[in-house]
Amino acid sequence: MPPGMNGASETSESVKASPAVSSCLTVLSRRADFLLAARARRQSAPAFTLQARRRTEAPEGGIRIGFTCSKKVGNAVARNRAKRRLREIARTELPVHGRPGWDYVLIGRPVTTASRDFAALRADLRRALERLHADRS
């Protein structure tokens, strides 16, 4: 087949897709990591819940992040949209406001995660991280 006839332009094949999460962040994939985070600290925000725990088994690692949206959030399209928004705020805010050696899990909420103003969503994450890491004395 001649170049350009396969339905995709030649430039789109050579351009690499940008990572969904920043290079200093690692995405949680094991269920056990999510369960450990669920038993640790938690902070509510209007559009999501943030769970966080300090790792003891590998504290020298960077920031790890997980995302979850239950079927209460909506159908697959709504859940995927909510998770995309959560991934983007994590990519922009966690490298600056998160702490290395910590695991974070963002849990989406019905309607508000997908519909809340994006600037407010970012501010919610910053505020939740500040409250979560505040001295508990």
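Biologist: Which residue forms a salt bridge with Asp124, and why is it called that?

Modeller: The partner is Arg116, and the closest N and O atoms are 2.6 Å apart. A salt bridge is a side-chain nitrogen of Lys or Arg within 4 Å of a carboxyl oxygen of Asp or Glu. In general, side chains of opposite charge can pair when their charged atoms come close. One caution: this is a predicted model, where local features need pLDDT of at least 70, side-chain atom pairs count only at pLDDT 80 or more, and totals for chains, interfaces and linings use all residues. Residues are numbered from 1 along each chain as its sequence is written, and side-chain values use heavy atoms, leaving out hydrogens and water.

Biologist: Are Asp124 and Arg116 buried or partly exposed, and how do you know?

Modeller: Buried means under 20% relative accessible area, exposed over 50%, and partly exposed in between (1.4 Å probe, protein chains only). Asp124 has 1%, so Asp124 is buried. Arg116 has 28%, so Arg116 is partly exposed.

Biologist: How many salt bridges are there in the whole structure?

Modeller: A search finds eleven. One of them joins Glu88 and Arg91, with the closest N and O atoms 2.5 Å apart.

Biologist: What separates Glu88 and Arg91 along helix H3?

Modeller: About one helical turn, because they are three residues apart in H3 (residues 76-97). Both are partly exposed: Glu88 has a relative accessible area of 28%, and Arg91 has 32%.

Biologist: What makes something a helix or a strand here?

Modeller: They are DSSP runs, numbered from the N terminus: helices are H or I with at least four residues, strands are E with at least two. The protein chain has five helices and five strands, and from the N terminus on they run α-β-α-β-β-β-α-β-α-α.

Biologist: What order do the strands take in the sheet?

Modeller: The order is E1-E4-E5-E3-E2, in an open sheet of five strands with mixed pairing. E1 (25-27) and E2 are the edge strands, since each pairs on one side only. Neighbouring strands are turned by 25° against each other on average, direction ignored. That angle comes from axes, which are lines fitted to C-alpha atoms (for helices over the stretch in contact), and angles run from 0 to 180 degrees between N-to-C directions.

Biologist: How do you know that E4 and E5 pair?

Modeller: Two strands pair if DSSP finds at least two bridges between them. E4 and E5 (residues 102-108) have five, so they pass, and they run parallel. Thr68 stands opposite Ile107 in E5.

Biologist: And which way do E2 and E3 run?

Modeller: E2 (residues 41-44) and E3 (residues 48-54) run antiparallel, with four bridges. A hairpin of three residues joins them, and Gln43 stands opposite Leu50 in E3.

Biologist: Which residue does the side chain of Arg64 meet in a salt bridge?

Modeller: Asp103, at 2.8 Å from N to O. Arg64 lies in E4 and Asp103 in E5, so the pair ties together parts that are 39 residues apart in sequence.

Biologist: Why is Arg64 called buried?

Modeller: Because Arg64 has 19% relative accessibility, and the limit is under 20%. Asp103, at 0%, counts as buried too.

Biologist: Which residues does Arg64 touch?

Modeller: Contact means heavy atoms within 4.5 Å. Not counting residues up to four places away in sequence, the neighbours of Arg64 include Thr26, Leu28, Trp102 and Tyr104.

Biologist: Which residues are linked with Arg64 in a network of salt bridges?

Modeller: Arg30, Asp33, Arg53, Arg55, Glu57 and Asp103 are linked with Arg64 in that network.
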